[in-house]
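Please read the points below alongside the sequence and the model.

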Amino acid sequence: MATALHNLSDYDMQNVPDASNMCFGIVVAEWNPEITGALLNGAVKTLEKHGALPENIHVKTVPGSFELIYGAQQLSRNDGYDAIIVLGSVIRGETPHFDYICQGVTYGIARLNASCPIPIIYGLLTTNDLQQAKDRSGGRLGNKGDECAIDAIKMAKF
């Protein structure tokens, strides 16, 4: 369903497993910090809301969205994580750079998901402008970080 028709923070709490015995890695891009910081806050709050202990949520930063792939791969080598969440924001500019970064990160995370023993949750916002990113990082369309946290809990339990 298109995000414009769905609030990213809406979910059925009854269908979310208890996360109290789970450990999560989060890799967040430093680029567009207003957006990625809001995504991170949403993810952490939602994980904790469903029982994850603060000491079992490990956050690592990388410079930009392309580096999310490497960060997730490095975290996946740690046997202690039940799931890894990647959070980033790429906003379309005037050059094809947007397309290359979005495609590269998407393929990289898909490759990791196919080869890693734990789920890697894709939380890359790919928007046309800053307002769209704000709308999806705690604005009128909810917070993609919330959605990623729920996905991480559910996939860790899978």
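1. Thr-127 and its surroundings. Leaving out residues up to four places away in sequence, Thr-127 touches Val-90, Ile-91, Arg-92, Phe-98, Gln-132, Ala-133 and Arg-136, where contact means heavy atoms within 4.5 Å. Thr-127 belongs to strand S4, which covers residues 120-127; helices (H or I, at least four residues) and strands (E, at least two) are DSSP runs, numbered from the N terminus. With a relative accessible area of 3%, Thr-127 is buried, a word used here for under 20% relative accessible area, with exposed for over 50% and partly exposed for what lies in between (1.4 Å probe, protein chains only).

2. Basis of the note. This is a predicted model, in which local features need pLDDT of at least 70 and side-chain atom pairs count only at pLDDT 80 or more, while totals for chains, interfaces and linings use all residues. Residues are numbered from 1 along each chain as its sequence is written, and side-chain values use heavy atoms, with hydrogens and water left out.

3. Cysteines. How many disulfides does the rule give? The count is zero, a disulfide being a pair of cysteine sulfur atoms within 2.5 Å. For Cys-23 the closest cysteine sulfur is that of Cys-116, and because the two sulfurs are 15 Å apart they are too far for a bond. Cys-23 counts as buried at 10% relative accessibility, and Cys-116 counts as buried at 16%.

4. Nonpolar cores. The largest nonpolar core has 25 residues, and those with the most contacts inside it are Phe-24, Ile-26, Leu-47, Ile-85, Leu-87 and Ile-153; such a core is a set of buried Ala, Val, Leu, Ile, Met, Phe, Trp, Tyr and Cys residues joined through side-chain atoms within 4.5 Å. At least two residues of this core come from each of strand S1 (24-29), helix H1 (33-49), strand S3 (83-91), S4 and helix H5 (144-157), and H1 gives the most, with six residues. Another core, of 22 residues, lies apart from it, and among its members are Cys-23, Phe-98, Ile-101 and Val-105.

5. Helix H5. The 14 residues of H5 reach 20 Å from the first C-alpha to the last, close to the 20 Å expected at 1.5 Å a residue, where the expected span is 1.5 Å times one less than the number of residues. At the N-terminal end, Asn-143 caps H5, with a side-chain oxygen 2.6 Å from the backbone nitrogen of Gly-145. The buried residues of H5 are Lys-144, Gly-145, Asp-146, Cys-148, Ala-149, Ile-150, Ala-152 and Ile-153, and what covers them includes S1, H1, S3, S4 and strand S6 (142-143). For Ile-153, the contacts beyond four places in sequence are Val-16, Pro-17, Ala-19, Met-22, Phe-24, Leu-47 and His-50.

6. Strand S1. Why can S1 be called largely enclosed by the rest of the structure? The description holds because six of the six residues of S1 are buried. Phe-24, Ile-26 and Val-28 are buried on one side, and Gly-25, Val-27 and Ala-29 are buried on the other, so that both faces are covered. S1 pairs with strand S2 (residues 57-62) in the parallel sense over six bridges, pairing being called if DSSP finds at least two bridges between two strands; in this arrangement Val-27 stands opposite Lys-60 in S2.

7. Glu-30. Glu-30 sits in the loop between S1 and H1 and is partly exposed, with a relative accessible area of 46%. Setting aside neighbours within four places in sequence, Glu-30 is in contact with Thr-61, Val-62 and Pro-63. The side chains of Glu-30 and Thr-61 are joined by a polar contact of 3.2 Å, that is, a pair of N or O atoms within 3.5 Å, of which, within protein, one must be able to donate a hydrogen and the other to accept it, residues adjacent in sequence counting only if both atoms are side-chain atoms. From C-alpha to C-alpha, Glu-30 and Gly-88 are 7.9 Å apart in space, although 58 residues apart in sequence.

8. Asn-32. This residue, too, is found in the loop between S1 and H1, and Asn-32 has a positive phi of about 60° although it is not a glycine. Asn-32 is partly exposed, with a relative accessible area of 21%, and, its neighbours within four places in sequence aside, is in contact with Ser-89, Val-90 and Ile-91.
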